[in-house]
Amino acid sequence: MNKKNFKSGFVALIGRPNVGKSTLLNKVVGQKIAIMSDKAQTTRNRIQGVYTDADSQVVFIDTPGIHKPKHALGNFMLKTAYSALQGADAVCVVVNAAEKIGPGDRLVIERAKNVQVPLFLLINKIDLVSPEQVLQAIESYKDLADFAQVFPISALEGNNVPELVEGLKEVLPQGPQYYPADQVMDHPEYFVVAEFIREKVLILTREEVPHSVAVKVESMVRNEDDKIEIHAVIIVERASQKGIIIGKQGQMIKKIGKMARRDIEKLLADKVYLDLFVQVQKSWRDRMTNLQDLGYELDNY
Ligand SMILES: Nc1nc2c(ncn2[C@@H]2O[C@H](COP(=O)(O)OP(=O)(O)OP(=O)(O)O)[C@@H](O)[C@H]2O)c(=O)[nH]1
């Protein structure tokens with residue numbers, strides 16, 4: 001692989017609810033994410049799916065369908081959805097070929113038009129309509145914005161999806177591989193949840209534990225008790241710091257967990273089971289892969 005010509009970037013998928021954004025994301029990144037998205041994923045989460053091949057990495061950001069947020073998390077996600085548009089290298093507007101253009105579609109396109117990056121129009125669900133209807137759909141949308149390309153696709157069956165990926169690769173800039181090649185998804189909430197936990201560590205331990213603490217959320221899934229089960233690792237640089245964080249008979253880590261859980265429950269508007277684990281990793285801050293792993297490179301989009 002010639003890393004010099006490696007292309008990478010962020011592609012936001014935007015559209016009104018049910019047009020097939022998540023289905024497309026699953027199709028693009030393959031089987032693995034489909035299994036994962038069965039768990040905690042609903043329309044309220046913004047999901048990233050990562051497509052990697054020999055010469056590119058495309059990070060897809062599946063925004064929540066544009067609709068009125070119902071709770072705090074909805075607000076949060078909508079805000080991040082729009083901020084995803086700002087940071088994106090390309091934006092895909094997804095519409096449904098089987099339905100007439102509606103005010104929701106127009107709103108989405110208006111939003112998307114403001115970004116200064118290539119705008120793709122994806123006319124989805126072509127498996128449900130005749131070729132004539134596909135042409136009609138293209139006609140009714142194509143002049144609403146200056147689309148770089150228009151792709152009629154079936155996210156469900158995969159028609160034209162590889163061609164879409166190729167089209168996106170063409171407009172992406174040269175850039176680094178943000179995620180390991182085998183990582184296909186990332187929850188943006190992971191970063192926020194990790195920050196909540198880190199904040200509690202800093203509040204409760206004060207100067208005793210310097211700012212060399214990092215938190216990594218390893219998994220976040222809905223468990224059998226219908227709670228969001230989160231496993232997170234608190235990473236420190238020395239064994240003495242590990243002792244402080246755990247505290248006498250585990251008192252400190254219990255306190256950290258309890259406080260963090262309260263915030264996370266508010267954020268997710270859901271019951272949370274939080275499992276914390278402390279790990280010593282000498283000079284983790286000096287290792288680039290660690291920083292990427294912890295989301296530091298991505299916290300500005
Ligand atoms: N026939 C057909 N159905 C599709 C296609 N793409 C998506 N669907 C179906 O449309 C429904 C909505 O798909 P989602 O992928 O959840 O839509 P979404 O845009 O992510 O929806 P929100 O998350 O609510 O914004 C599901 O029942 C999908 O199976 C397609 O290409 N063809």
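The bridge partner of Ile234 in strand S10 is Val278. Helices (H or I, at least four residues) and strands (E, at least two) are taken as DSSP runs and numbered from the N terminus. The model is a predicted one, in which local features need pLDDT of at least 70 and side-chain atom pairs count only at pLDDT 80 or more, whereas totals for chains, interfaces and linings use all residues. Residues are numbered from 1 along each chain as its sequence is written.

Strand S9 (residues 228-236) pairs with S10 in the parallel sense over nine bridges; two strands pair if DSSP finds at least two bridges between them. Helix H8 (residues 239-246) packs on the sheet and touches S9 and S10, contact between two residues requiring that their C-beta atoms, placed from the backbone, lie within 7 Å. The direction of H8 makes about 155 degrees with that of S10. Axes are lines fitted to C-alpha atoms, for helices over the stretch in contact, and angles run from 0 to 180 degrees between N-to-C directions. Helix H9 (residues 251-268) also packs on the sheet, touching S9 and S10, with a direction at about 135 degrees to that of S10.

The sheet is open and consists of three strands in the order S8-S9-S10, with mixed pairing. Strand S8 (214-222) and strand S10 (272-280) each have a single partner strand and stand at the edges, so one side of each is left without a neighbour in the sheet. On average, neighbouring strands of this sheet are turned by 15 degrees against each other, direction ignored.

Ser212 is located in the loop between helix H7 (188-205) and S8. This residue counts as partly exposed because it has 14 C-beta neighbours inside 10 Å. A residue is buried if 20 or more other C-beta atoms lie within 10 Å of its own, exposed if 12 or fewer, and partly exposed in between, with C-beta atoms placed from the backbone. From C-alpha to C-alpha, Ser212 and Ile235 are 8.3 Å apart in space, although 23 residues apart in sequence.

In helix H4 (residues 103-113), the buried residues are Asp105, Val108, Ile109 and Ala112. They cover an arc of only 95 degrees around the axis, which puts them on the same side of H4; the arc is that of the directions from the helix axis to the C-beta atoms. Pro103 and Glu110, on the other side of H4, are exposed.

The protein averages a pLDDT of 79, and 75% of the residues score at least 70; pLDDT is the predictor's confidence in each residue, from 0 to 100.
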